[in-house]
Amino acid sequence: MSNPALLILYGSQTGTAQDTAQRLARQAQRRRLRVRVMPLDDYNVAHLISESLVVFVCSTTGQGDPPDNMKNFWRFLFKKSLPVGSLSRLDCAILGLGDSSYPKFNFVAKKLHKRLLQLGACVLLPVGLADDQHDLGADAVIDPWFASFWGKVSTLYPTLSGVIPLREDEPLPPTYTFHFLDDMQEKEEVRLRIPMDQTVPSQSHPFPARMVFNRRVTEPSHFQDVRHIELDVTGSNIEFAAGDVVMMRPCNAPEDVQQFCQLLRLDPETRFTLSPTDNTAVPAWLPQPCTVRHLVESYLDIAAVPRRSFFELLSTFATNELEREKLAEFSSAAGQDELHSYCNRPRRTALEVLTDFPHTTAGLKVDYLLDLFPEIQPRSFSIASSLRAHPNRIQVLVAVVRYKTKLYKPRKGLCSSWLASLDPAQGDVYVPLWVKKGSLKFPSEKETPVIMVGPGTGVAPFRSALQERTTEGKTANVLFFGCRSESKDFYFRSEWEEMMEAGFLALFMAFSRDQEAKVYVQHRVRENGELLWDLIANKHACFYIAGNAKQMPASVCDALKEAFQQAGGVSAEEAEQMLATMEKMGRFQSETWS
């Protein structure tokens, strides 16, 4: 049997599944196998019947949903018209990336596994279920799964045992080659452009929205800086409903861009074009030609905590013995605890790692930049406004992420810090964005009551819903809002008061730090059991939760089940069943983030 051509298809929302797929591809290259790696939606799924060996690497998003770049594949694969044995010639393996703090842990990988078996595929080994919550992160499952996969492949293809693999410290060819343009060629500034015929903005063609205002809405003395931001989307053809999300692609801080260029001895104003070393497409988001500044500022994720694959690749450039040993340790399965202590726990950035390994950094070849640094991933924010109340505008509520670790410099969230730094009073500033459907759907029937639990910035999608419902004359709205203090972080207070006066809102507030005993939204839910039971059992209300995924959603669910038991006189099992039925019918929905 001849050696197989390996196809690795990934569904990735934040870049982790893509990184894992690329790691596996590098292992295949070292075994001298022909390998292709691509997002599932870029692959012509009709060709799957003629593939011999495929690995699917899939993450799970939201409430058990497939990532954006595998949605078309997902729809096709679950068509009822597909013949039962259509994939009987396919050997495949499935690796899932998930987080066990979410209720639908690795749902996409599990469902894909089941469907491939139904279609007759031969699944070579048990589905891998990597868990972000593990002490060593997803690698605790990925490493042994990779080893099992290669064991299976060598059994299936005995000719591979005669192949001498490339050494781990030998650099593989780069994916792209940089061609620098000389200074004589006309320079032009790289600007964010959108084609005039573009109908709806998307990830590859975002809309440059002008920032209208950027206001801090927490008291100056409050520990958390939260911004209420408005963006002008006139002429974009963007439409959205309550519950939808806006996607934004942030930029690196100017001082980080400057430091990076100094470390790698790159002139930020130099222009270049890229050519792929195989049949890979040049990233759509990068203009050709492009300046080094634009590449580093808008594309390379230099401020992220680097993944293990970064150290694996970096180690192949190390000539200094001490640095090479350390990088090899960080790249090995045995060194993962050490890597976590150095990198993940203190949240050390890729840029800071480069400064810690100066000899290796000095030897970095520019052609490898796109292999070494992942693309900056877009961030999603719940839209906090309605087009009916604010035509041609998108408003968001952004908590600026900033915290201390053992490292001297405070850690900052890339997107929230970048947004906070933009000041429209100093001149026009633009944010590249597009909109996508959110997971929350609100009822169209006028009489259906809506109960919303949104502590902190979790209230954002509910402000959008309330603005929309108010214009439609829907008065049956209940909001549970929680924050630390009535005087410091009570978002949109005057708006809620106006809605209450107009008879559009019943509001229940929990200020956790304004008294001795902490009071949270779940306490207010428990206290209002009679009202909630009446709305849900008798008036078929819909119940929504939005906010931080830690303890809040589970605590609110427990409080709601207790309310069912106390006010409705049902058993614990019946309360559990009620909630499960509501979820199945779309009457219980949640949107949480970690």
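Modeller: Before we start, a residue is called buried when it has under 20% relative accessible area, exposed when over 50%, and partly exposed in between, with a 1.4 Å probe and protein chains only.

Biologist: Thanks! Is Cys343 buried or exposed, then?

Modeller: Cys343 counts as buried, because its relative accessibility is 0%. Cys251 also counts as buried, at 17%.

Biologist: How many disulfides does the structure hold?

Modeller: Zero, taking a disulfide as a pair of cysteine sulfur atoms within 2.5 Å. For Cys251, the nearest cysteine sulfur is that of Cys415, 9.3 Å away.

Biologist: What sort of model is this?

Modeller: It is a predicted model, where local features need pLDDT of at least 70 and side-chain atom pairs count only at pLDDT 80 or more, while totals for chains, interfaces and linings use all residues. Residues are numbered from 1 along each chain as its sequence is written, and side-chain values use heavy atoms, with hydrogens and water left out.

Biologist: What is the mean pLDDT?

Modeller: The mean is 92, and 97% of the residues reach 70 or more; pLDDT is the predictor's confidence in each residue, from 0 to 100.

Biologist: Where is the pLDDT below 50?

Modeller: Over residues 187-195. That stretch has 19 contacts in the model beyond near neighbours in sequence, a contact being heavy atoms within 4.5 Å. Where pLDDT is low, the predicted coordinates should not be read in detail.

Biologist: New topic: how many helices and strands are there?

Modeller: There are 19 helices and 22 strands. These are DSSP runs numbered from the N terminus: helices are H or I with at least four residues, strands are E with at least two.

Biologist: How many residues of helix 13 are buried?

Modeller: Seven of its eight, so helix 13 (residues 414-421) is mostly covered. Cys415 and Trp418 are among the buried ones.

Biologist: And which residues touch the most other members in the largest nonpolar core?

Modeller: Phe260, Leu295, Leu300, Leu369, Leu370 and Phe373, in a core of 40 residues. A nonpolar core is a set of buried Ala, Val, Leu, Ile, Met, Phe, Trp, Tyr and Cys residues joined through side-chain atoms within 4.5 Å. There is also a second, separate core of 28 residues, which includes Tyr491 and Phe504.

Biologist: What does Leu370 touch?

Modeller: Leaving aside residues up to four places away in sequence, its partners include Tyr176, Phe178, Leu295 and Leu300.

Biologist: Last one: how much of the protein is buried?

Modeller: Of its 594 residues, 51% count as buried.
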